[in-house]
Amino acid sequence: MNCVFCSIINRKTPAEIIYEDSLVISFLDIRPFNFGHTLVVPKHHSEDLLSVPEEYLSRLFLKVQDISGAVVRGLGAAGFNVLSNNGPAAGQTVFHCHIHIIPRFDTDPFKFKMNLKKYNDGEMRLTGDKIRLFLPPQEK
Ligand code: AMP
Ligand code: ZN
């Protein structure tokens, strides 16, 4: 398998590693939106967020929170975006699940909100129904 993130995990490809434990690794994105743009990556090769084994998930998101705080404080950012591209339609280019943390500054010339749509009458309920149909049973 030819996966650049597995290659970083296995120390075959160099990276600026920020954090590592038995389940998760985090390193700087090589082509950042802003300096400090960081990736948090489960150490299991899963193509996307939907296929990450459950035992990695809570650690992954705990570390997204910790590392986001460190990125903001370390870079003196005014805010941050957390995002994950899943599938080519969403812009995913590396098919090993990862979460982006992007430090943001008041002077940033870019926003991630564009071409927002509007629901017509009833469309919001119908859309909610489509999603609820596929949710696993609710936990207490
Ligand atoms: P995505 O487009 O959401 O799949 O994100 C993949 C990200 O991985 C991109 O932002 C790339 O800049 C980044 N990337 C690709 N190769 C490397 C690498 N060797 N080291 C660090 N980041 C990388
Ligand atoms: Zn991989």
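Let's start with Glu20, which is partly exposed, with a relative accessible area of 32%. Some cut-offs for that: buried is under 20% relative accessible area, exposed is over 50%, and partly exposed lies in between, with a 1.4 Å probe and protein chains only.

A word on the source. This is a predicted model, where local features need pLDDT of at least 70, side-chain atom pairs count only at pLDDT 80 or more, and totals for chains, interfaces and linings use all residues. Residues are numbered from 1 along each chain as its sequence is written, chains are lettered from A and ligands numbered from 1 in the order in which they are written, and side-chain values use heavy atoms, with hydrogens and water left out.

Now, the charged pairs. In general, side chains of opposite charge can pair when their charged atoms come close. The term salt bridge here means a side-chain nitrogen of Lys or Arg within 4 Å of a carboxyl oxygen of Asp or Glu. How many salt bridges does a search of the whole structure find? Six.

Back to Glu20. Its salt-bridge partner is Lys43, with 2.8 Å between the closest N and O atoms. Glu20 sits in strand E1 (residues 17–20), and Lys43 sits in the loop between strand E3 (38–42) and helix H2 (54–75), so the bridge ties together parts that are 23 residues apart in sequence. Those element names are DSSP runs, numbered from the N terminus: helices are H or I with at least four residues, strands are E with at least two. Lys43 is partly exposed too, at 25% relative accessibility. There is also a network: salt bridges link Arg11, Glu20 and Lys43.

Next pair. Lys63 bridges to Asp66, and the closest N and O atoms are 2.9 Å apart. Both residues lie in helix H2, three residues apart, about one turn of the helix. Is Lys63 buried or exposed? Buried, at 15% relative accessibility. Asp66 is partly exposed, at 44%.

Then Asp108 and Arg104. Their side chains meet in a salt bridge at 2.5 Å, N to O. Asp108 is buried, at 11% relative accessibility. Arg104 is buried, with a relative accessible area of 11%.

On to the ligand. Which residues are closest to ligand 1? Asp29, Asn85, Thr93, His98 and His100, out of 16 residues that surround ligand 1. To count as near, a residue needs a heavy atom within 4 Å of the molecule.

A polar side-chain atom of Asp29 lies 2.5 Å from a ligand oxygen. For a polar side-chain atom of Asn85, the distance is 2.8 Å. Val94 uses a polar backbone atom, 3.0 Å from an oxygen of ligand 1. As for cover, ligand 1 has 500 Å² of accessible area on its own, and the protein covers 84% of that.

Which elements give two or more residues to the shell around ligand 1? Helix H1 (4–9) and strand E2 (24–28). H1 gives the most, with three residues.

Last stop, Ile102. This residue is found in strand E5 (residues 99–104). Ile102 is buried, with a relative accessible area of 0%. Phe80 is 22 residues away from Ile102 along the chain, yet their C-alpha atoms are separated by 5.3 Å.

Key: A polar contact is a pair of N or O atoms within 3.5 Å; within protein, one must be able to donate a hydrogen and the other to accept it, and residues adjacent in sequence count only if both atoms are side-chain atoms. Accessible areas come from the Shrake-Rupley method with a 1.4 Å probe; for residues, only the protein chains shown count as cover.
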